[in-house]
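Here's a quick briefing to read with the model open beside you. Take a look at the fold, then go through the points below.

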Amino acid sequence: MIIVANSDGRIFNRIRGNNLDQFPTGFFEPNFAFEIEDTIDNLFEYYVDTVEEDFKLMLRPTIQCPPLTNVAANDTDLFTISNLPRPCIVSIDGIPYEIDDGKFEFTTSMPGVYVIEIDHFPYLPFRAEVTAT
């Protein structure tokens, strides 16, 4: 199988077969392609480690969510996600907020359900609903 990715390691195509020589020089530019022996069904779960010259498929890391997604609507109780990539964008109900220190804290005085989303490659997209009561 031939994997086609961009310079960030984001995979956007796969080609059945294993002969890169069948393509003319520069065919994949500005992206790159390389051969793998395995067949992978869900490329969305992978990225290409481009740090080394030997490209490697890596599982995309996940953002870990606390097990409890309920907070009291008292402007004090916190929903916290730590160890985020620095910097990253966290969206609350579609409104983006930049997080520079790797820690997201959410509190509110308004009861409701809030959608928290983070899409920061190579991490898998993250989505959680936080209920404030």
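This is a predicted model: local features need pLDDT of at least 70, side-chain atom pairs count only at pLDDT 80 or more; totals for chains, interfaces and linings use all residues.

Residues are numbered from 1 along each chain as its sequence is written, and side-chain values use heavy atoms, with hydrogens and water left out. In short, the protein has 12 strands and 0 helices. Helices (H or I, at least four residues) and strands (E, at least two) are DSSP runs numbered from the N terminus.

**Overall build**

- Going along the sequence, the pattern reads β-β-β-β-β-β-β-β-β-β-β-β.
- The radius of gyration is 20 Å, well over the 14 Å that the globule rule gives for 133 residues, so the protein is more spread out than a compact globule. The radius is taken over C-alpha atoms, and the rule is 2.2 Å times the number of residues to the power 0.38.
- Along the principal axes, the C-alpha atoms fill a box of roughly 65 × 25 × 20 Å.
- Of the 133 residues, 33% are buried. Buried means under 20% relative accessible area, exposed means over 50%, and partly exposed is in between (1.4 Å probe, protein chains only).
- Among contacts with a separation of 6 or more, 45% are between residues 24 or more positions apart; contact here means heavy atoms within 4.5 Å.

**The three-stranded sheet**

- An open sheet of 3 strands runs in the order S2-S1-S3, with antiparallel pairing. Two strands count as paired if DSSP finds at least two bridges between them.
- Strand S2 (11–15) and strand S3 (32–35) are the edge strands, each pairing on one side only.
- Neighbouring strands of this sheet are turned by 25 degrees against each other on average, direction ignored. The axes behind that angle are lines fitted to C-alpha atoms, for helices over the stretch in contact, and angles run from 0 to 180 degrees between N-to-C directions.
- Strand S1 (residues 2–5) is joined to S3 by 4 bridges, antiparallel, and Ile 3 has Phe 34 as its bridge partner there.

- S8 (residues 88–92) is mostly covered, with 4 of its 5 residues buried.
- S8 and S9 make a hairpin with 2 residues between them.
- S8 also runs antiparallel to strand S11 (residues 112–118), joined by 3 bridges, and Ile 92 stands opposite Ile 116.
- Ser 91 sits in S8 and is buried at 17% relative accessible area. Beyond its neighbours within four places in sequence, Ser 91 touches Pro 96, Val 115, Ile 116 and Glu 117.

**Nonpolar cores**

- The largest nonpolar core has 19 residues, and those with the most contacts inside it are Phe 79, Ile 81, Leu 84, Val 90, Phe 104 and Ile 116. Such a core is a set of buried Ala, Val, Leu, Ile, Met, Phe, Trp, Tyr and Cys residues joined through side-chain atoms within 4.5 Å.
- Strand S7 (79–81), S8, strand S10 (104–106), S11 and strand S12 (126–132) each give two or more residues to this core, with the largest share, 4 residues, coming from S12.
- Apart from it lies another core, of 10 residues, including Ile 3, Ala 5, Ile 11 and Phe 32.

**Cysteines**

- The disulfide count is 0, using the rule of a pair of cysteine sulfur atoms within 2.5 Å.
- The sulfur of Cys 65 is 14 Å from its closest cysteine sulfur, in Cys 88, which is too far for a bond.
- Cys 65 is partly exposed at 29% relative accessible area, whereas Cys 88 is buried at 3%.

- The peptide bond from Glu 29 to Pro 30 is cis, with omega near 10 degrees; Pro 30 lies in the loop between S2 and S3.
- Phe 121 and Pro 122 are also joined by a cis peptide bond, with omega about 15 degrees, and Pro 122 is in the loop between S11 and S12.
- Asp 75 isn't a glycine, but has a positive phi of about 60 degrees. Asp 75 is in the loop between strand S6 (70–71) and S7 and is partly exposed at 49%.
- Asp 93, in the loop between S8 and S9, has a positive phi near 50 degrees and is partly exposed at 42%.
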